[in-house]
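Please open the model in a viewer and keep the selection tool at hand. The stops below are to be taken in order.

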Amino acid sequence: MTETGTVLITGPTRNLGRATALALAARPEGQRPDLLLLGRAGRDLTEVAEEARARGARVREIGCDLADLADVRAAATTVRELLTAGAVRPLHALIANAGTMSADTRQATRDGYETTFAVNYLAHAQLIGDLLDAFTAPARVVLLGSNTYHANFWRRILNVAEADWADPLDLARPAIGAHAPGMTASGVAYSNAKLAILYYAHELQRHAGPGINVSVFEPGWMPGTALGRGAPAPVQAIGRVLGRIPGVSTPQRSGPLLASVALDDTWAHLRDGAFVVKTRLTEVQPVAHDRDRERRLWEATAELLERVRA
């Protein structure tokens with residue numbers, strides 16, 4: 001981009017988010033953006049901010065718990081205040097990186113929504129919606145996607161559940177019952193959230209102003225990260241072993257790629273929810289293009305966000 005301006009990234013304290021933030025901070029002078037690091041306040045956020053500053057970046061930390069939509073709205077207000085005051089350069093990119101996969105779909109956020117759907121999807125829809133008119137074109141919104149939205153080859157081999165779409169109001173509702181639904185249900189919830197992100201990306205492009213391009217980045221299979229921290233210990237241990245296999249995606253490999261999609265001219269043409277897998281523009285499966293589902297998700301999202309607005 002001719003003007004790097006400011007990049008906001010969510011979930012910058014661990015794994016892919018941290019690697020991406022530091023890759024942005026390490027860009028050459030003149031190509032290095034100001035950084036807004038939005039994550040849970042605490043030592044981890046402070047440490048990544050200090051490391052980014054050590055690499056030459058101007059950094060602002062914004063404490064925010066994405067499991068609390070009031071906190072997300074407050075964070076958006078802080079961003080707007082910083083932009084208005086000229087404390088950071090114009091906002092040219094937002095990387096919606098933060099994510100989680102709850103081990104129990106009965107778990108709910110403070111707002112009463114199923115945790116995986118709320119953190120991966122709803123929180124980012126709130127944040128982006130609150131900031132959509134604060135971008136300075138040319139601008140990019142990069143959402144974090146996943147091939148888990150469909151039954152690809154490896155998911156069939158490993159017998160891992162794919163998305164099982166339902167009305168968004170139902171997807172946002174925590175499971176009810178005496179027994180934990182288990183990791184299969186958690187995997188379905190995660191896949192549904194990632195399918196929602198694809199639907200949202202397509203609809204967001206229809207609502208975004210001129211000069212704002214929306215794309216989705218899939219870093220590839222990245223086992224052993226904190227995403228699965230709610231999984232049983234043996235599952236986490238297996239993930240750490242698999243993460244050392246040559247060729248498997250790692251935060252260190254994928255972080256610079258995500259930073260590039262957010263800023264580099266190579267990707268300036270991406271829009272309409274274009275799906276980038278690592279370094280390759282990829283056509284999504286037919287299930288990820290459904291105009292009726294996209295419209296319904298947009299309407300239901302507005303309803304879910306309005307329900308908890310103070």
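The tour of this predicted model visits a pocket and then some details of the backbone.

**The second largest pocket**

Begin by selecting Ala125, Gln126, Gly129, Asp130, Leu132, Tyr200, Trp298, Thr301, Ala302, Leu305, Glu306 and Arg309, which line the second largest pocket. Two elements, helix 4 (115-131) and helix 10 (291-307), each give two or more residues to this lining. Colour helix 10 next: the largest share of the lining, 5 residues, comes from this helix. By class, the lining comprises 6 nonpolar, 3 polar and 3 charged residues. The volume of the second largest pocket is about 210 Å³.

**A cis peptide bond**

Now select alanine 137 and proline 138. The peptide bond from alanine 137 to proline 138 is cis, and its omega is near 0 degrees. Proline 138 belongs to strand 5 (residues 135-144). As a general rule, most peptide bonds are trans, and most residues other than glycine have a negative phi.

**Positive phi values**

Move to asparagine 15, which is not a glycine and yet has a positive phi of about 50 degrees. Asparagine 15 lies in helix 1 (residues 15-25). With a relative accessible area of 29%, asparagine 15 is partly exposed.

Finally, select aspartate 272, in the loop between helix 9 (251-263) and strand 7 (274-277). Aspartate 272 is a residue other than glycine with a positive phi, here near 60 degrees. Its relative accessible area is 45%, so aspartate 272 counts as partly exposed.

Definitions and conventions:
Residues numbered from 1 in each chain as written. Predicted model: local features only at pLDDT ≥ 70, side-chain atom pairs only at ≥ 80, totals over all residues. Heavy atoms only, no water. 1 Å grid on protein atoms, 1.4 Å probe; cavity = no way out; pocket = protein on both sides within 12 Å on 5 of 7 lines; lining within 4 Å. Points joined across faces, edges and corners; volume = space filled by probe spheres on them. Helix = DSSP H or I, 4+ residues; strand = E, 2+ residues; numbered from the N terminus. Nonpolar A, V, L, I, M, F, W, Y, C, P; charged D, E, K, R; others polar. Buried < 20%, exposed > 50% of the residue type's maximum accessible area, 1.4 Å probe, protein only.
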